[in-house]
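Subject: Structure handover

Hello,

I am passing on the structure we spoke about. Please open it alongside this message.

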Amino acid sequence: MKRNEFIKSTALGISALSLTSLITACKAEAKDAPSKENHEMSLQELQDPKIVKSEEGTILQVMGDNQTVKISGKDTNGKFTLIEQNNSPGMGIPPHIHYDEDEIFHVLEGQMAMTIGDKSTILGPGDLIFCPRGIPHSFKAIGDEKARVLLSIFPSGLEDMFEELSQLPAGPPDMEKIVQISAKYNIKFV
C-alpha cells in the first residue's frame, strides 16, 4: 500500500471510529437524561414549597454548635439540608471527614477560621467555602462577635446525625460516643 493510500484509509478509519464513539456516547447520554415524565415525577416527589421565617426551624445543640435546621431532607426529598449556625467565638469542631456529603459554609456575620485539607483561611461576612466529601476539614468561630453561618449539605441526612448528637448530655463532650454516632453516618474524626 502506498503512503498516501495508507494515510487516507487510516484517517477514514479513525473518523469512522470517532463518529461511532460519538454516536454511542450521545445515545448513552440520551438514555440517562431524564425524560419529561421523569422530570415531572421528580418535581412531584418534592414536598410543597416551604417558607421559613427567621425565627423558625429546629434548634439543636451539637457539641457546642448552635444549629437551627431550616430545611431538612424531608423538605427536599433528600437532595440537601440547610442549617443556620450561630456560635460564639471559640466554638469549633475538630478535623473530620465526610465520606458521603459535600458542604458549603457561607458566613453571614462574624468570622470563621476554616481548614480544609492543608489550606487554612479566615472567612468574613459574604465569604464562603466549599468542602468536598473525602477531604478533612474543621472550623472555629473567631473574633469579637458571634459567627452566623449558613451550612448547606448535599445530599441531606446529616440532620439525623445532628439530632442524635444533640441528645447527648450537656457538659464536656464524650468523644467515644460522638465517634460512635458519627461512624454510623460515615464520618470520621482525624
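This is a predicted model: local features need pLDDT of at least 70, side-chain atom pairs count only at pLDDT 80 or more; totals for chains, interfaces and linings use all residues.

Helix pair

Two packed helices are described by the angle between their axes and the distance between the axes. For helix α4 (residues 158–166) and helix α5 (residues 175–184), the angle is about 160 degrees and the axes lie 10 Å apart. Angles over 145 degrees count as roughly antiparallel, so α4 is roughly antiparallel to α5. Their crossing is right-handed. On the α4 side, the contact is made by M161, E164 and L165. The α5 side contributes I178, I181, S182 and K184. By class, this contact has 4 nonpolar, 1 polar and 2 charged residues.

Cavity

Rolling a probe the size of a water molecule over the atoms shows where empty space is left. Searching the whole structure gives 1 cavity of 30 Å³ or more. The largest cavity holds about 180 Å³ of space. It is lined by 19 residues, and the closest to its centre are I93, H96, F139, M161 and F162. M161 is also one of the α4 residues in the contact with α5. Two or more lining residues come from each of β2 (65–71), β4 (92–98), β5 (102–109), α4, α5 and β11 (187–189). The cavity lining divides into 12 nonpolar, 5 polar and 2 charged residues.

The largest pocket contains about 260 Å³ of space. Its lining has 15 residues, and those closest to the centre are M63, L168, P169, A170 and G171. At least two lining residues are supplied by each of β1 (58–62), α4 and α5. In this lining there are 9 nonpolar, 4 polar and 2 charged residues.

The second largest pocket has a volume of about 200 Å³. Of its 16 lining residues, T58, V69, S72, K74 and E159 are the closest to the centre. Here β1, β2, α3 (73–76) and α4 each give at least two residues to the lining. By class, the lining of the second largest pocket has 5 nonpolar, 3 polar and 8 charged residues.

If you want a place to start, look at α4. This helix packs against α5 and gives two or more residues to the lining of the largest cavity. Helix α4 also supplies at least two residues to the lining of the largest pocket and at least two to that of the second largest pocket.

Regards

Technical notes
Residues are numbered from 1 along each chain as its sequence is written. Side-chain values use heavy atoms; hydrogens and water are left out. Axes are lines fitted to C-alpha atoms, for helices over the stretch in contact, and angles run from 0 to 180 degrees between N-to-C directions. Helices (H or I, at least four residues) and strands (E, at least two) are DSSP runs, numbered from the N terminus. Angles under 35 degrees count as roughly parallel, over 145 as roughly antiparallel, 65 to 115 as roughly perpendicular and the rest as oblique. A crossing is left-handed if the near helix is turned anticlockwise from the far one by less than a right angle, and right-handed if clockwise. Contact means heavy atoms within 4.5 Å. Ala, Val, Leu, Ile, Met, Phe, Trp, Tyr, Cys and Pro count as nonpolar, Asp, Glu, Lys and Arg as charged, and the others, Gly among them, as polar. On a 1 Å grid over the protein atoms alone, a cavity is a set of points where a 1.4 Å probe fits but cannot get out, and a pocket is an open set with protein on both sides within 12 Å along at least five of seven lines; lining residues have an atom within 4 Å of a point. Grid points are joined across faces, edges and corners, and a volume is the space filled by probe spheres set on the points.
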